[in-house]
Amino acid sequence: MMSIELRDVSKRFRDARGKERGVLKDVNLVLPERTFTCLLGPSGCGKTTLMNLVAGFDKPCAGSVAINGVRVQGPDPSRSVIFQDYGLFPWRTALGNVLFALAAKGQHGKEARATAMHYLDLVGLGQAAHQHPQQLSGGMRQRVALARALAVRPDMLLMDEPFAALDTFTRFRLQDELLRLWAERRPTVIFVTHDIDEAVYLAERVLVMAPDPGRITHDMTIDLPRPCDRTHPLFLEARGKIFQALSLAQRDTVEYAI
Amino acid sequence: MKRAIAWRIGLGIVGPALIVFLWWRVSRRYTPDQFPGPVEVVAAWREILADGSLATHVKISLLRFSAAYLLALVTALPLGFSLGWWTRGLDLFDPAIQILRPISPIAWFPLAVLWFGVGNAPAIFIITLSAFFPILLSTVSAVRAIPPAYLRVAANFGAKRLLLLRAVLLPAAFPTIVVGLRIATGAAWIHLVAGEMLGAQSGLGFLIVDSRNFLRTDLIVAGMLTVGILGLVIDRLVAWAERRVRFAWGLGQ
Amino acid sequence: MKSHRRTHLAACIALTLAWLGIAPALQAESATAKPTLTIGYLPITDHLTIIAKERKTFTQSELKPVKFGSWPELAEALKAGAVDGAFVLSPIAINLRQKGAPLRAVLLGHRNGSVITVRADGDIHTPADLKGHTVAIPSRFSTHSILLHRLLAKFNLDPDKDLKIIELAPPEMVNALATKRIDAFIVAEPFGAQAELQKVGRVLILSKDIWPDHICCVLNLQQKVIDERPEAVQELISALIATGHEITQDPRAAAKSSKALLGQKPEVIEHVLTTPKDRVTYEKLVPEIADFVATQDALINLGVLKERIDLKAYLDDHFARKAGAGKLQ
């Protein structure tokens with residue numbers, strides 16, 4: 001299982017005008033294993049960049065990103081990523097997409113098929129195994145992506161606003177499904193979102209972030225019985241606290257004059 | 001559904017029939033030696049069909065075309081993938097490619113004869129050249145246009161190079177590459193006639209060029225139509241093959 | 001360079017090399033056990049002696065005629081050494097030689113053999129009538145251009161002011177005449193005969209009447225072939241000379257047998273050979289230096305040749321003389 005440690009991490013990008021922008025500055029963070037953490041903040045706060053650093057798609061300009069004490073060198077199937085646009089191959093069926101992930105790990109043949117079907121059933125898409133992504137709804141596509149990510153039995157699950165493009169009802173359904181699936185093996189999860197309700201509903205720990213430069217401003221624990229009741233006063237209280245934290249964070253931010 | 005098909009077939013017949021009729025009308029204003037009409041051309045067709053020369057010409061032209069197209073595929077596809085993938089390589093080769101590309105293969109005649117002599121080889125060289133650049137360029141842009149998302153997914157799951165090429169790059173690049181393949185088919189077939197001017201002793205291009213010297217315009221037109229019809233058939237074949245692959249890969253229309 | 005990029009590059013280079021390696025293998029259109037002499041030609045009456053291929057047996061080297069559609073490709077092949085020899089217009093050959101091609105003129109293809117054709121229904125009845133009209137020639141580098149200018153000089157016509165001379169591909173000349181885009185053309189036969197037989201053109205004057213016994217097409221061989229296979233060359237030239245005699249004696253049979261190699265209609269060839277009898281002649285084919293001097297001078301005067309070549313070094317008449325000394329076959 002995986003614990004993540006970020007130490008003094010900074011990341012700078014050159015924007016379209018060639019100016020250097022501090023996307024992340026002096027981030028220090030320890031995420032123990034088997035935890036469900038949300039990164040919450042407005043656009044530009046660096047949450048996606050942070051996730052990319054953990055995933056290994058990018059390297060920090062300063063500081064270190066380490067998993068179980070070992071520096072992150074690049075992407076790895078032990079850290080499965082779920083993208084906002086699903087990242088499914090349109091030329092493969094749902095089954096084919098899951099099989100790809102298994103093939104990359106060296107698993108082929110009947111065994112791989114059985115594993116793939118197991119995870120597709122798990123997300124409720126057993127019947128749709130032979131459909132192509134184009135023939136599936138947004139929610140179903142995300143479920144295929146989930147099945148694919150879980151089929152390789154990762155130690156870490158990194159999710160970048162995966163439900164942002166879905167309608168409310170599908171989103172609620174998938175949130176429940178995600179929690180159900182997570183409960184089985186409990187990989188370490190980093191869930192990026194801009195939706196306060198979602199953060200409260202899903203996470204045990206919410207890291208509130210602010211932009212310019214990207215940094216973590218609040219580290220809040222959510223201690224609610226799962227599954228949450230969205231109308232329960234405790235839920236609303238937690239929500240309120242986070243809202244306050246976000247407003248504070250916003251006020252401290254210098255606004256850019258364009 | 002049946003009516004729709006009937007309409008398509010009907011229109012498909014009416015179109016050419018109209019053109020043939022127009023052709024016949026125009027040809028009446030000239031002597032058969034100057035501009036043969038459909039009747040004369042059909043007679044010329046039967047002449048070369050009967051003495052077996054049409055079969056020979058078609059066979060050898062198709063052979064040359066196939067060999068040349070295969071050569072173009074085998075050289076342009078790997079090179080295209082490499083240059084599309086490796087940006088430095090593209091920077092290195094791009095100027096040369098852009099300079100060579102607009103040069104008509106016909107301008108290469110003297111060099112073709114110098115390097116390859118006369119007969120089959122320079123013809124195949126000319127045809128290969130005309131097919132090479134469309135395939136190369138469409139492959140390069142296809143590979144460069146592969147959505148980075150796919151590459152990230154593949155990297156995330158740790159796909160090794162062969163699996164990456166086979167399961168991600170090729171299918172992702174396929175739709176754009178296929179456009180280049182079809183353009184290349186057309187270009188190659190057009191340059192078949194030109195290529196066969198270099199001392200080939202048979203072939204459809206040879207038939208056309210040779211008939212010029214006898215003022216057998218009817219044979220020239222018969223040759224032209226044969227080239228055109230075969231070109232259409234080949235293009236349809238490529239389109240069919242493309243549809244099959246798309247279907248298998250669920251890319252649909 | 002990372003290792004996988006190296007493999008990519010290596011693979012591409014290997015494939016290109018493989019391709020270049022395949023190319024020579026594709027060169028042989030037909031494999032023969034005997035050595036061959038490849039001779040390029042055009043399907044015109046000037047090159048009729050090529051029918052020696054069908055009439056004679058060759059023991060030294062098989063004669064392999066290579067047909068071309070037009071002069072530029074034939075000249076390219078000769079220049080590149082892709083053929084052992086070819087029938088070439090003397091101006092083209094002299095030009096190639098001047099550029100350094102190692103060619104030798106070993107035998108004439110014919111003498112005479114061209115004609116100025118005018119529109120059948122036109123108003124040109126004497127050469128003087130050419131004034132104010134458009135005449136087509138195949139190229140500045142042709143005996144036809146030389147002949148035309150000679151004729152114009154004889155009739156005091158200024159080629160730049162009194163008429164318009166254009167270059168046109170021979171197959172297009174007959175149609176251009178028929179559609180009145182040109183008023184006359186001078187080119188190798190049988191294009192003139194074709195115009196006659198189609199009734200769109202008639203003969204104004206034969207080239208033999210402009211310049212009696214002029215040379216036109218000449219058999220040129222690569223120096224290398226002469227050095228390495230003199231017996232084969234001798235055999236070829238003897239066969240061609242003998243064939244020339246046969247054509248003179250029986251033009252009808254020659255016209256008939258020309259179908260395979262030339263492809264022209266036999267009646268057209270027969271017309272050229274017989275109307276009149278000496279429209280084209282295949283006798284006295286030994287290359288004489290005086291003919292070439294006259295041709296070269298004309299080219300210099302026309303401004304198409306910049307520098308003279310050493311004609312003595314260019315001609316090699318000993319094969320022809322040796323064959324001519326022998327008996328008729």
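**Close-up views of a predicted three-chain model**

**View 1. Helices α5 and α6 of chain B cross at roughly 135°.** In this predicted model, the axes of α5(B) (residues 109-116) and α6(B) (residues 120-144) come within 9 Å. The crossing of α5(B) past α6(B) is right-handed. On the α5(B) side, the contact uses A112(B), V113(B) and F116(B). On the α6(B) side, A121(B), P122(B), F125(B) and I126(B) meet them. By class, the contact of α5(B) with α6(B) has 7 nonpolar residues, no polar and no charged.

**View 2. Chain C meets chain B.** The model has 2 pairs of chains that touch, and chains B and C make the most contacts among them. Here 33 residues of chain C are in contact with 32 residues of chain B. Four elements of chain C, namely α1 (3-26), β2 (62-67), α3 (71-80) and α6 (170-178), each supply at least two residues of the side that touches chain B. The largest share comes from α1(C), with 11 residues. By class, the side of chain C that touches chain B has 17 nonpolar, 10 polar and 6 charged residues. Chain A and chain C do not touch. The nearest C-alpha atoms of chain A and chain C are 17 Å apart.

**View 3. Chain C is divided into two domains, which touch each other.** Domain 1 of chain C is built from two segments, 36-111 and 216-325. Domain 2 of chain C covers 114-210. Taken over C-alpha atoms, the centres of the two domains are 24 Å apart. Across the boundary, 23 residues of domain 1 are in contact with 18 residues of domain 2. On the domain 1 side, the elements that give two or more residues are α4 (90-98), α12 (266-274) and α13 (289-302) of chain C. That side of domain 1 divides into 13 nonpolar, 7 polar and 3 charged residues.

**View 4. Helices α4 and α13 of chain C pack with their axes 10 Å apart.** The angle between α4(C) and α13(C) is about 80°. That makes α4(C) roughly perpendicular to α13(C). From α4(C), the contact takes S90(C), P91(C) and I94(C). From α13(C) come F292(C), T295(C), Q296(C) and L299(C). The contact of α4(C) with α13(C) counts 4 nonpolar and 3 polar residues, with no charged ones. Both helices also give residues to the side of domain 1 of chain C that touches domain 2.

**View 5. An open sheet of 5 strands in chain C has the order β2-β1-β3-β11-β4.** Its pairing is mixed. The edge strands are β2(C) and β4(C) (103-108), each of which pairs on one side only. From one strand to the next, the twist averages 30°. Strands β4(C) and β11(C) (residues 217-222) run antiparallel and are joined by 5 bridges. Helix α3(C) lies across β1 (36-41), β3 (85-89) and β11 of chain C. The direction of α3(C) is at about 135° to β3(C). Helix α10(C) (residues 230-249) lies across β1, β2, β4 and β11 of chain C. The direction of α10(C) is at about 30° to β4(C). Strand β2(C) and helix α3(C) also supply residues to the side of chain C that touches chain B.

**View 6. An open sheet of 5 strands in chain C has the order β8-β7-β9-β6-β10.** The pairing in this sheet is mixed. Strands β8(C) (164-167) and β10(C) (201-206) stand at the edges with a single partner strand each, so one side of each is left without a neighbour in the sheet. The twist averages 30° from one strand to the next. Strand β6(C) (residues 114-119) runs antiparallel to β10(C), and 5 bridges join them. Within this pair, V115(C) stands opposite L206(C) of β10(C). Helix α6(C) packs on the sheet and touches β6, β7 (134-137), β9 (184-188) and β10 of chain C. The direction of α6(C) makes about 155° with that of β9(C). Helix α6(C) also supplies at least two residues of the side of chain C that touches chain B.

Technical notes:
Residues numbered from 1 in each chain as written. Chains lettered and ligands numbered in written order. Predicted model: local features only at pLDDT ≥ 70, side-chain atom pairs only at ≥ 80, totals over all residues. Axes fitted to C-alpha atoms, helices over the stretch in contact; angles between N-to-C directions. Left-handed = near helix turned anticlockwise from the far one by under 90°. Contact = placed C-beta atoms within 7 Å. Nonpolar A, V, L, I, M, F, W, Y, C, P; charged D, E, K, R; others polar. Domains from an automatic or database assignment. Pairing = 2+ DSSP bridges. Parallel < 35°, antiparallel > 145°, perpendicular 65-115°, else oblique.
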